[in-house]
Amino acid sequence: MDFLRPASWEEALAAKAEHPAAVPIAGGTDVMVEINFDHRRPEYLLDLTRIGDLYEWEVGEDSVRLGASVPYTRIMENLRTELPGLALASHTVASPQIRNRGGVGGNLGTASPAGDAHPALLAAGAEVEAESAARGTRLIPIDAFYTGVKRNALQPDELIRAVHVKKADGPQQFSKVGTRNAMVIAVCAFGLALHPHTRTVRTGIGSAAPTPVRATTAEEFLNAALEEGGFWDNGKIITPSVAKQFADLCSAACNPIDDVRGTASYRRHAVGVLARRTLTWTWESYRGTHRATEGAA
Amino acid sequence: MRVNLTVNGRPQEADDVWEGESLLYVLRERLGLPGSKNACEQGECGSCTVRLDGVPVCSCLVAAGQAEGRDVVTVEGLADFARQRDGGGCASGACGGTGLDEAKAWQAGGTDSQTGEGTGLSPIQQAFIDAGAVQCGFCTPGLLVAADEMLERNPTPSDADIREALSGNLCRCTGYEKIMDAVRLAAARQGGAV
Ligand SMILES: Cc1cc2nc3c(=O)[nH]c(=O)nc-3n(C[C@H](O)[C@H](O)[C@H](O)COP(=O)(O)OP(=O)(O)OC[C@H]3O[C@@H](n4cnc5c(N)ncnc54)[C@H](O)[C@@H]3O)c2cc1C
Ligand code: FES
Ligand code: FES
């Protein structure tokens, strides 16, 4: 095994181009487990922890450009306003020690259906900034990023530089089912974001299909129902039948398996519950701000 | 490969390090510092917790090469580390950190719970003893490092803060209540209330 230690992003891209089989290692919270248990013996480890740029973020007009290695702890502490869904999801990852090292770049690299960043990214709307020495930078829409169980759209010579996550324009929630509050890989998880500017709702489902997915049929149904009832303007409570239908459609978007953490039917059921809850929470919060602005006008 | 790093305030070098090796292995097997425990090697138990450039991490998940040039504090150096932070002198005499031989030979010099004087313990270590938070002791080094770091950041933690800060450290013996007591005690002493 060789340990490659690029000091800059350009060096890292050059190393990845020269050794496409090299395994990048950032926080190491996925990679080191595999090495410790002999599940993986890469010929090259490509250490990304010396590249300072990957630990920085920039808050732009519409989105946050989040460096691939920004640890979850930083996201929780600094980006709660801009990226509330991702901050909530980050807080549910493992433990303080893991959150101090692991980040979204590694979560995307692993692309586990259970990765907690994914539902939040899907719901907020995001693009993955991938780069290679040969072809430069490209932005991969998050919906096109997950290509299979633990597979993603990266080419062998590419690295993730950053993730561009849309800044919240409305309330966001993230909810996860597990056996305890800490150190839990999701049985299933759900992210929901209200986008009042476009009058749309976006979702993300974790751990209930081969890849993280959006419940697009449920989103379309809810968008139409909210529009029809004038909900965005009148800020009324969402009709229980609408919430129920939304929850059922979210369950239907799952394609889960039975495993040690839960059965497929439990997952389908639980995703429906999480969908209804997160919708209620975010809508209540939207109504609150809606009433406040109405009152001020 | 060779790895150069600072451990408990002193520069160290480890030789013949395998590229896929963890920092935990380097500390225990190459530098002879077995304080950090190896229980799960998958980040679940926290018994290998050390501070890497000040940040609590599972050393079993840090690749040895990632520690090159970095600063590591282990449980063996915790007493000196706490003393320097509090602006006091060093137990080891010279304020140059804790040497390998001292660290290897480290043991609690005494357990005078009345005064805590001259025991070579950090306040958090003393509090763990006084509160009876140590049974088999396997989880203790990781808990000490994590609890000490929390008290540095947050001198007046709520119970929820303590639980959260220690949520990455498993203990199979105590049922956690005595550990909670110990951290509350250390916080109270730090604040001068006890
Ligand atoms: C005890 C424990 C509990 C956990 N609990 C959770 C949990 O609750 N929720 C959750 O989502 N995850 C959990 N994880 C998994 C892990 O912490 C996350 O997936 C984390 O986001 C990985 O980030 P990292 O920086 O440590 O990745 P690494 O381990 O360094 O890398 C992970 C993968 O991404 C690749 N990679 C890393 N950076 C880049 C880059 N810039 N470009 C291209 N590829 C890259 C690596 O090659 C590797 O394949 C847990 C892990 C442990 C050990
Ligand atoms: S040995 Fe590192 S967390 Fe258990
Ligand atoms: S005292 Fe035995 S594991 Fe905690």
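**Helix α7 of chain B and its surroundings**

Trainee: Which residue just after α7(B) takes a positive phi of about 80°?
Mentor: Bear in mind that this is a predicted model. Helix α7 of chain B covers residues 177–190, and just after α7(B) comes the residue whose phi is positive, at about 80°, namely G192(B).

Trainee: How far apart are the end C-alpha atoms of helix α7 of chain B?
Mentor: The helix has 14 residues, and at 1.5 Å a residue they should span 20 Å. The expected span is 1.5 Å times one less than the number of residues. The model agrees with that expectation, because the end C-alpha atoms lie apart by 20 Å.

Trainee: Why do the buried residues of α7(B) line one face of the helix, and within what arc do they fall?
Mentor: The buried residues in question are I179(B), M180(B), A182(B), V183(B), A186(B) and A187(B). In an α-helix there are 3.6 residues a turn, so residues three or four places apart point the same way. Seen down the axis of α7(B), the buried residues line one face of the helix because they fall within an arc of 160°.

Trainee: What percentage of the residues in chain B are buried?
Mentor: A residue counts as buried when its relative accessible area is under 20%. Of the 194 residues in chain B, the buried ones make up 51%.

Notes
Residues are numbered from 1 along each chain as its sequence is written. Chains are lettered from A and ligands numbered from 1 in the order in which they are written. This is a predicted model: local features need pLDDT of at least 70, side-chain atom pairs count only at pLDDT 80 or more; totals for chains, interfaces and linings use all residues. Side-chain values use heavy atoms; hydrogens and water are left out. Helices (H or I, at least four residues) and strands (E, at least two) are DSSP runs, numbered from the N terminus. Buried means under 20% relative accessible area, exposed over 50%, partly exposed in between (1.4 Å probe, protein chains only). The arc is that of the directions from the helix axis to the C-beta atoms.
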